Amino acid sequence: MFVQEEKIFAGKILKIHICTMAGTEWLEEVTEDTTIEKLKEKCLKHYVHGSLEDPKTITHHKLVHATTARILTETKTVADERLKDKDVLLLIKKRPLPPPLKMADITAEEKKKQDNKAPDKDAILKATAGLSTRHTDRTVTQHNIRDFQTELRKILVSLIEVAQKLLALNPDAVELFKKANAMLDEEEEDRVDETTLQQLTEMGFPESRAIKALRLNHMSVTQAMEWLIEHVDDPTVDTTLPGQDAPGAVGATTSTDAAARQDELTEIFKRIRRKREFRPDSRAVIALMEMGFDEKEVVDALRVNNNQQDAACEWLLGDKKPSPEDLDKGIDINSSLFQAILENPVVQLGLTNPKTLMAFEDMLENPLNSTQWMNDPETGPVMLQISRIFQTLNRT
């Protein structure tokens, strides 16, 4: 069988949809071996309704593939540019190049940049050489000013101890904190990260054991897995944690004796702290360990930096201040700052309010919640007084 030569070399005929910026639309029929330049010429002839007398008309236009926003290369063929039947192309006029700057314009532009340039150190010293020296110790003073957020944590640690002793004298305090403890019991299941838990259950560990292992090992998958393997034959592996007992199991005494109430209140706070123990963000732990850091150091870094991955990375690369141990240290109870805070009537009244103590505990665990407690009608005035006293003594 013989095939005509022109059918062999003609190529497939495509119908291309052409659009212009003016809104004109039409179809152009081209073969696959047609160059983009030839296609553009056909488009321009149709668009300008005649011959292309001005050669700039061709060079000042381009074809753009509408779907991919790709400028088509004029030397390539339709097949090379992978155009398909009924593809949409945009015929666009190129933007003219800005005229080249004259020497006078360049000089003026450079002069303008020099005029707006900031003076360097030598220029500043030269300009201020004749001024008299004042407040030479200002730089040292600025460096000695303490950071409020760092000091606030120490203040809260010490105030919590004072508030606990005062609240032991309040007969309603124990019941109030039992309710808070019960609320934490209800929320306990939600505190375990589902993604972290799934990693252990997919390994075949029972969910209840995996949850217990994660809580005992600061939500570390690696440590939890090791614990589960070590305790697989332990008869007590499925017993509940001390902090998971029924809300009324601790402190059954109803004695009005202050010492008994204080013991009961202390026990409740131990349980609350166990449940609110710091849990590192599992994704941040993995990301930082992949950088080569030790897992324990990563957990410490996240605890110091409130689970902020970038800040934790800087801490690991820096001098590691403050240390994790510093977070549990209180302020010097004999310092003028702490004495001034305790002598403030608003603070004294606030320390007898159980809500204030819960606020202090929450701010230790979640410093970002400080704003919430500052705006609270009960705890806000106490926080405001602490801030004012700190700022006043810090300036002096």
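Predicted model: local features only at pLDDT ≥ 70, side-chain atom pairs only at ≥ 80, totals over all residues.
Reader: What is the average pLDDT of the protein, and which stretches fall below 50?

Author: The protein averages a pLDDT of 75, and 69% of the residues score at least 70.

Reader: Why is Cys-43 called buried?

Author: The relative accessible area of Cys-43 is 0%, and buried means under 20%, so Cys-43 is classed as buried.

Reader: What makes Cys-313 count as buried or exposed?

Author: Cys-313 has a relative accessibility of 17%; because the cut-off for buried is under 20%, Cys-313 counts as buried. Across the protein, buried residues make up 36% of the 396 residues.

Reader: How many disulfides does a search of the whole structure find?

Author: The search finds zero disulfides. Since a disulfide is counted where a pair of cysteine sulfur atoms lies within 2.5 Å, a result of zero means that the search of the whole structure found no such pair.

Reader: Why is Glu-74 called partly exposed?

Author: Glu-74 has a relative accessibility of 26%, and the partly exposed class lies between the limits of under 20% for buried and over 50% for exposed, so Glu-74 is assigned to that class. Glu-74 is found in the loop between strand S4 (70-71) and strand S5 (88-93).

Reader: Which residues is Glu-74 in contact with, leaving aside its neighbours within four places in sequence?

Author: Glu-74 is in contact with Thr-35, Ile-36, Glu-37, Lys-40 and His-61, where contact requires heavy atoms within 4.5 Å. As for Lys-38, which is 36 residues from Glu-74 along the chain, the C-alpha atoms of the two residues are separated by 8.2 Å.

Reader: How do the axes of helix H13 and helix H15 cross, and which residues meet?

Author: The axes of helix H13 (residues 282-290) and helix H15 (residues 309-317) come within 10 Å and cross at roughly 35°, and the crossing is right-handed. From H13, Ala-284, Ala-287 and Leu-288 meet Gln-309, Ala-312, Cys-313 and Leu-316 of H15, so that Cys-313, already described as buried, takes part in this meeting of helices.

Reader: How many helices and strands does the secondary structure of the protein come to?

Author: The protein has 20 helices and five strands. Among contacts between residues at least 6 apart in sequence, 60% join residues at least 24 apart.

Definitions and conventions
Residues numbered from 1 in each chain as written. Heavy atoms only, no water. pLDDT = per-residue confidence, 0-100. Buried < 20%, exposed > 50% of the residue type's maximum accessible area, 1.4 Å probe, protein only. Helix = DSSP H or I, 4+ residues; strand = E, 2+ residues; numbered from the N terminus. Axes fitted to C-alpha atoms, helices over the stretch in contact; angles between N-to-C directions. Left-handed = near helix turned anticlockwise from the far one by under 90°.
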